[in-house]
Amino acid sequence: LHLELNEPARALACSDEAVCLSPMHFAARLNRGAALRALGRNAEVLENDKTLVRCHPRHPMALYNLGDALLLNGEDEEALSVLAEALTLVPGAPQIRIAHCLALALCQRFAEAQGELDMLHRECPEAIRVYFDNAARAAGMAPGGSLPTHAQLLFAGIVLHRQLRCDWRKR
């Protein structure tokens, strides 16, 4: 509820309390990760989602969230592996397929990424729209832009986005 009201700090406090009471509770960990994502605390998202997968190793949503957290933290090869594992559990899941496609592009496996992106556009264009609209909102941009159709442009966009949010003082 607090995330829907754009109150991620309150959502995190509630999730932390729930995790304290039941550290392995799936929904509590999932909500905690969502609150941390909303706050931009990506390193903590990764730790939370690793714990989620340790507690629920064969749950596709846990694996998807870990793959997403790995992508957020620039660990693209590991993300690709985790997302591929999630796809073995639910091969047709559009959200996981889209994240897997992003991971392929970030690993510069463009031919595979392009094949997956083309299939996604044919099979589930609405899922792509929802995914990229949500990504735009999370990045503070307006949703509804044109959808990526070329894997190398997708790669370039993600790399540029990572450059924009990096701490240049650490470079």
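Modeller: Pro 8, Ala 11, Leu 12, Ser 15, Asp 16, Ala 18 and Val 19 in H1 meet Ala 28, Arg 29, Asn 31, Arg 32, Ala 35, Leu 36 and Ala 38 in H2, where contact means heavy atoms within 4.5 Å. This is a predicted model, in which local features need pLDDT of at least 70 and side-chain atom pairs count only at pLDDT 80 or more, while totals for chains, interfaces and linings use all residues. Residues are numbered from 1 along each chain as its sequence is written, and side-chain values use heavy atoms, with hydrogens and water left out.

By class, the contact of H1 with H2 holds nine nonpolar, two polar and three charged residues; Ala, Val, Leu, Ile, Met, Phe, Trp, Tyr, Cys and Pro count as nonpolar, Asp, Glu, Lys and Arg as charged, and the others, Gly among them, as polar.

Helix H1 spans residues 8-21 and helix H2 residues 26-38; helices are DSSP runs (H or I, at least four residues), numbered from the N terminus. Their axes come within 8 Å and cross at roughly 150°, the axes being lines fitted to C-alpha atoms over the stretch in contact, with angles from 0 to 180 degrees between N-to-C directions. H1 is therefore roughly antiparallel to H2, a term for angles over 145 degrees. The crossing of H1 and H2 is left-handed: the near helix is turned anticlockwise from the far one by less than a right angle.

A second pair, H4 (residues 60-72) and H5 (residues 76-89), packs at an angle of about 160°, with axes 8 Å apart. H4 is thus roughly antiparallel to H5, and their crossing is left-handed.

Note on methods:
Helices (H or I, at least four residues) and strands (E, at least two) are DSSP runs, numbered from the N terminus. Angles under 35 degrees count as roughly parallel, over 145 as roughly antiparallel, 65 to 115 as roughly perpendicular and the rest as oblique.
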